[in-house]
Amino acid sequence: MAVFEGTFTQTESFRFAIVIGRFNDLVVGKLLEGCQDCLKRHGVDINPEGNQVDYVWVPGSFEVPIVARQLALSGRYNAIICLGAVIRGQTPHFDYVAAEVSKGIAAAGFQTGVPVIFGIVTTDTMQQALERAGIKSNLGWSYAMSALEMASLMHQVKGLGTTDSYGNNSGSVSPTLPGTTLKSANPELSPG
């Protein structure tokens with residue numbers, strides 16, 4: 001049996017997208033800085049005019065998953081990093097936003113097979129959010145590390161194929177996404 005593990009080197013061929021929610025920009029700006037610092041120190045060209053990282057700004061964390069999924073479907077990126085901050089207020093709004101954003105980001109990765117990194121800070125107070133964005137440590141760095149590792153790991157396992165319920169290797173199979181149709185090179189095997 002083989003062991004597969006992502007690395008943090010040989011990053012020059014990887015492409016990343018960073019989806020950034022503007023809301024709570026004091027916190028999110030610091031997360032972005034930490035993320036960029038990590039990518040740069042691992043050999044990624046973080047220049048927006050370069051060819052390795054694209055930056056996509058959205059109004060807030062709630063809008064991050066739909067854009068992340070669309071970017072993943074483009075087939076252009078090895079990993080997508082989602083950055084945002086949801087801070088508890090006096091209403092249940094926090095609970096709804098935090099739950100839906102986490103589900104949406106998880107679904108984007110699962111549905112597309114592209115690593116979509118959950119970099120949404122969810123805290124009770126602004127102080128807690130700032131601590132996670134640079135006062136004590138910067139989680140933006142950790143999110144970039146996860147993206148690097150997953151991009152490397154997925155590069156290694158891509159093309160291994162899948163197995164059916166009996167453990168038989170069925171070759172390389174792309175997932176079927178909602179709204180897509182199956183087509184076969186053999187017209188006799190194409191669905192109705």
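## Overall picture

Among contacts in the protein between residues at least 6 apart in sequence, 73% join residues at least 24 apart. Contact here means heavy atoms within 4.5 Å. Buried residues make up 37% of the 192 residues. Buried means under 20% relative accessible area, exposed means over 50%, and partly exposed lies in between (1.4 Å probe, protein chains only).

This is a predicted model, in which local features need pLDDT of at least 70, side-chain atom pairs count only at pLDDT 80 or more, and totals for chains, interfaces and linings use all residues. Residues are numbered from 1 along each chain as its sequence is written, and side-chain values use heavy atoms, with hydrogens and water left out.

## Confidence

The predictor's confidence in each residue is given as pLDDT, from 0 to 100. Its mean over the protein is 86. Of the residues, 83% reach 70 or more.

## Helices and strands

The protein has five helices and four strands. Both are DSSP runs, numbered from the N terminus: helices are H or I with at least four residues, strands are E with at least two. From the N terminus on, the order is β-α-β-α-β-α-β-α-α.

## How the strands pair

Two strands pair if DSSP finds at least two bridges between them. Strand S1 (residues 16-21) takes part in two of the pairings described here. S1 and S2 (53-58) are parallel and share six bridges. S1 also pairs with S3 in the parallel sense, over five bridges.

S3 covers residues 79-87. Eight of its nine residues are buried, so the strand is mostly covered. On to strand S4 (residues 116-123): S3 and S4 run parallel and are joined by eight bridges. Here Cys-82 has Phe-118 in S4 as its bridge partner. The chain gets from S3 to S4 through helix H3 (residues 93-112), in a right-handed β-α-β crossover. Right-handed means that, with the strands pointing away from the viewer, the path from the first strand over the helix to the second runs clockwise. S1, helix H1 (residues 25-41) and S2 also make a right-handed β-α-β unit.

## An aromatic pair

A search of the whole structure finds one aromatic pair. The ring centres of Phe-14 and Phe-16 are 6.4 Å apart and the planes stand at 75°, so the pair is edge-to-face. The rule covers rings of Phe, Tyr and Trp (its six-membered ring) with centres within 6.5 Å; planes under 30 degrees apart count as stacked, over 60 as edge-to-face and the rest as tilted. Phe-14 is buried, at 5% relative accessibility. Phe-16 is buried too, at 0%.

## Cysteines without a bond

A disulfide is a covalent bond between the sulfur atoms of two cysteines. The rule used here asks for a pair of cysteine sulfur atoms within 2.5 Å. By this rule the count comes to zero. For Cys-35, the closest cysteine sulfur is that of Cys-38, at 7.1 Å, which is too far for a bond. Cys-38 is in no disulfide, and its nearest cysteine sulfur is that of Cys-35. Cys-35 is buried, at 0% relative accessibility. Cys-38 is also buried, with a relative accessible area of 0%.

## Residues outside the elements

Pro-59 lies in the loop between S2 and helix H2 (64-73). Pro-59 is exposed, with a relative accessible area of 53%. Pro-59 and Gly-21 are 38 residues apart in sequence, yet their C-alpha atoms are 5.5 Å apart. Leaving out residues up to four places away in sequence, Pro-59 touches Gly-21, Arg-22 and Phe-23.

One is Thr-9, which is partly exposed at 49% relative accessible area. From Thr-9 to Gly-43 there are 34 residues in sequence and 7.7 Å in space, C-alpha to C-alpha. The other is Thr-11, which is buried at 3% relative accessibility. Beyond its neighbours within four places in sequence, Thr-11 is in contact with His-42, Gly-43, Val-44, Gln-52 and Leu-148.
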